[in-house]
Amino acid sequence: STTIIKYLRDYGVTIRPTSSIRLYNVNDNYFETIDTKDKAYWLGWMFSDGYVVGNRICLALNNKDEYILHLFAKYLEAENYNVTRHEDTNSVRLVFSSTKMCNDLSNYGVIQNKSLQLKSHLPANTDLVSHFVRGVFSGDGSIGFIKGKKANHNKSLRFRICGGSYSFLETIRDYLVSNLNIPENKITKAKDKTLWNIEYGGNPI
């Protein structure tokens with residue numbers, strides 16, 4: 001193959017680097033304008049579990065959530081894509097190349113090592129912010145029960161969103177406070193001291 005490439009170059013044929021060759025199609029303009037609830041939702045997912053490096057976009061999830069990657073690919077109109085499994089981290093990843101989409105996502109704040117750098121990049125259309133928050137919660141949120149501190153106390157329902165950026169969680173909290181009429185709970189450090197939490201608990205049940 002090296003001989004063939006040399007022969008083609010000798011005759012003036014431009015050879016593209018193999019790293020730039022796309023093996024699949026994707027809608028490069030999907031994130032150009034966040035103007036639908038689906039785009040806002042997937043942007044929220046990218047803020048939680050996605051990242052951009054070079055001209056590549058990656059969304060990585062737990063093995064049990066592989067179906068979500070296929071759904072994401074469907075919305076991106078991706079064809080001939082490949083989901084890879086990583087048994088060492090119990091994760092699955094969807095990676096594809098698109099310089100245009102990388103630039104658009106970077107403009108919203110989705111970048112490499114973004115967890116400590118996320119700023120207030122909510123969709124400009126206020127009607128779509130709830131769907132963006134829904135996407136963030138799908139990736140970094142949880143719902144569960146907590147036991148009462150005393151023996152005669154029942155369990156209560158709690159929901160929580162965690163992340164590496166205090167300012168980003170502050171933006172999410174301020175949106176929830178303004179739109180759901182809930183108290184302005186403190187953002188606290190997680191047990192591992194590397195993440196921040198915002199959580200709310202209900203009445204005992």
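**Ground rules.** I am working on a predicted model, where local features need pLDDT of at least 70, side-chain atom pairs count only at pLDDT 80 or more, and totals for chains, interfaces and linings use all residues. Residues are numbered from 1 along each chain as its sequence is written, and side-chain values use heavy atoms, leaving out hydrogens and water.

**Helix α2.** I started with α2, residues 37-49; helices (H or I, at least four residues) and strands (E, at least two) are DSSP runs numbered from the N terminus. Its 13 residues reach 18 Å from first C-alpha to last, close to the 18 Å expected at 1.5 Å a residue, the expected span being 1.5 Å times one less than the number of residues. I then looked up burial (buried is under 20% relative accessible area, exposed over 50%, partly exposed in between, with a 1.4 Å probe and protein chains only). Ten of the 13 residues are buried, so α2 is largely enclosed by the rest of the structure. Among them are Trp 42, Leu 43, Trp 45 and Phe 47. The cover includes β1 (50-53), β2 (56-62), α3 (66-75) and α4 (99-108), where contact means heavy atoms within 4.5 Å.

**The sheet.** Next I traced four strands, an open antiparallel sheet in the order β1-β2-β4-β3; two strands pair if DSSP finds at least two bridges between them. Each of β1 and β3 (83-86) stands at an edge with a single partner strand, so one side of each is left without a neighbour in the sheet. I found four bridges between β1 and β2, with Val 52 partnered by Ile 57. Helix α2 packs on the sheet, touching β1 and β2, and its direction makes about 80 degrees with that of β2 (axes are lines fitted to C-alpha atoms, for helices over the stretch in contact, and angles run from 0 to 180 degrees between N-to-C directions).

**The core.** Which residues touch the most other members of the largest nonpolar core? I noted Phe 31, Leu 43, Phe 72, Met 101, Leu 105 and Phe 132, out of 44 residues. Such a core is a set of buried Ala, Val, Leu, Ile, Met, Phe, Trp, Tyr and Cys residues joined through side-chain atoms within 4.5 Å. The largest share, seven residues, comes from α2. Leu 43 touches Phe 31, Leu 105 and Phe 132, among others.

**Helix α5.** My last stop was α5, whose buried residues include Phe 132 and Val 136. The cover over its buried residues includes α2 and α6.

Conventions: Lists of a residue's contacts leave out its neighbours within four places in sequence.
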